[in-house]
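Keep the sequence and the 3D view open while you read.

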Amino acid sequence: MSTQTKLNAPVAEFNGVSFRYDGGPEILKDIQFTLSPGSFHFMTGESGAGKTSLLSLLYLYHLPTKGRVRLFGYPVDEMARLDRAKLRRQIGVVFQDFRLLNHLTAFDNVALPLRIAGVKESEIRRHVSELLAWVGLENQMKTHPPELSGGEQQRVAIARAVINRPTLLLADEPTGNVDDAMAKRLLHLFLELNKLGTTVVIATHNEGLIRHFGFPRLHLDKGHLSVVPQNQYKEMASKLFNRGGAQ
Ligand SMILES: Nc1ncnc2c1ncn2[C@@H]1O[C@H](COP(=O)(O)OP(=O)(O)O)[C@@H](O)[C@H]1O
Ligand SMILES: [Mg+2]
């Protein structure tokens, strides 16, 4: 089966999706949402709300216990494992725990997706150096992950996830280990990728970023998902401000 992205199909469609880990309680309940091509969403919710679990359904690591997930137009539960693996190649993931390869340098971790795709070494050298410099790691390219700080490892993981310009980028709390200035810089990297057509979903607790960028939110609360439209925060803030100012 061909797993080319179907033209104009939503990037993801969740229909009545529930999920539980073997024998455990239902973590995600009757989830319904659509990601249009080129959209940008934050994913929010308290720790334990199910963000990482929902992302794992989006990158096809888990299948739903109930309901249907379509990715790039394909019903993922009906696909052969190999076809799911092919679809997954279009997805870049920044894992909450990074999952870097410790025996490879920062450079080689980021280069890996390009090497697998058969890109020429001279191009790899240019792309990877540029991107690592952009995330402030120009002096750590030859360092192995165990010798990097948490924030540095996080930036290597981000560079690895975006180097291939994936169709869908999923990032699980990608700014949890960096300061505010770097968090904004990384968000701008995701925005640039989004401008080139990548659909982006970023799980975050960072209220400052959510307010600053104002993207719509997939919000999880006790396993239920609601979609909060763009800029509601800004509108709420301006209403509060205007009420105070008008009296
Ligand atoms: N591998 C797993 N096996 C069983 N339960 C899990 C597993 N991973 C997460 N959970 C449980 O699922 C719930 C949601 O977790 P998670 O998706 O990690 O939430 P979040 O990312 O929002 O903090 C939590 O109650 C957590 O304990
Ligand atoms: Mg999580």
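The model is predicted.

Start with the sheet. Four strands make it up, in the order β2-β1-β4-β5. The sheet is open, and its pairing is antiparallel. Which strands stand at the edges? They are β2 (26–35) and β5 (74–75). Each has a single partner strand, so one side of each lacks a neighbour in the sheet.

Now take the pairings of β1. Strand β1 covers residues 12–20, and β4 covers residues 66–71. The two run antiparallel and are joined by 5 bridges. One place to look is Ala 12, whose bridge partner in β4 is Leu 71. β1 also pairs with β2, again in the antiparallel sense, over 6 bridges. Here Val 17 stands opposite Ile 31 of β2. β1 and β2 form a hairpin with 5 residues between the strands. In that hairpin, Gly 23 takes a positive phi near 70°.

Next comes helix α1, which spans residues 51–58. Is α1 largely enclosed or largely open? Of its 8 residues, 7 are buried, so the rest of the structure largely encloses the helix. The buried residues are Lys 51, Ser 53, Leu 54, Leu 55, Ser 56, Leu 57 and Leu 58. Thr 52 is partly exposed, at 39% relative accessible area. Just after α1, Leu 60 has a positive phi of about 65°.

The surrounding residues are Tyr 21, Ile 27, Glu 46, Ser 47, Gly 48, Ala 49, Gly 50, Lys 51, Thr 52 and Ser 53. By class, the shell holds 3 nonpolar, 5 polar and 2 charged residues.

Look at the polar contacts of ligand 1. An oxygen atom of the ligand lies 2.7 Å from a polar backbone atom of Gly 48. For Gly 50, an oxygen of ligand 1 is 3.0 Å from a polar backbone atom. Thr 52 makes its contact through the side chain: one of its N or O atoms is 2.8 Å from a ligand oxygen. How much of ligand 1 does the protein bury? Taken alone, the ligand exposes 560 Å², and the protein buries 55% of that.

Thr 52 also brings in the magnesium ion, ligand 2. The protein donors of this ion are Thr 52, through OG1, and Gln 96, through OE1. They lie 2.1 to 2.4 Å from the ion. Gln 96 is partly exposed, with a relative accessible area of 39%.

Finish at Gly 176. This glycine is found in the loop between β7 (168–172) and α6 (180–195). Is Gly 176 buried or exposed? Its relative accessibility is 58%, so Gly 176 counts as exposed. The cut-off for that label is over 50%.

Technical notes. Residues are numbered from 1 along each chain as its sequence is written. Chains are lettered from A and ligands numbered from 1 in the order in which they are written. This is a predicted model: local features need pLDDT of at least 70, side-chain atom pairs count only at pLDDT 80 or more; totals for chains, interfaces and linings use all residues. Side-chain values use heavy atoms; hydrogens and water are left out. A residue is near a molecule or strand if one of its heavy atoms lies within 4 Å of it. A polar contact is a pair of N or O atoms within 3.5 Å; within protein, one must be able to donate a hydrogen and the other to accept it, and residues adjacent in sequence count only if both atoms are side-chain atoms. Accessible areas come from the Shrake-Rupley method with a 1.4 Å probe; for residues, only the protein chains shown count as cover. Ala, Val, Leu, Ile, Met, Phe, Trp, Tyr, Cys and Pro count as nonpolar, Asp, Glu, Lys and Arg as charged, and the others, Gly among them, as polar. Two strands pair if DSSP finds at least two bridges between them. Donors are N, O and S atoms within 2.8 Å of the metal (3.2 Å for Na, K and Ca); water is not among the atoms, so sites may look incomplete. Buried means under 20% relative accessible area, exposed over 50%, partly exposed in between (1.4 Å probe, protein chains only).
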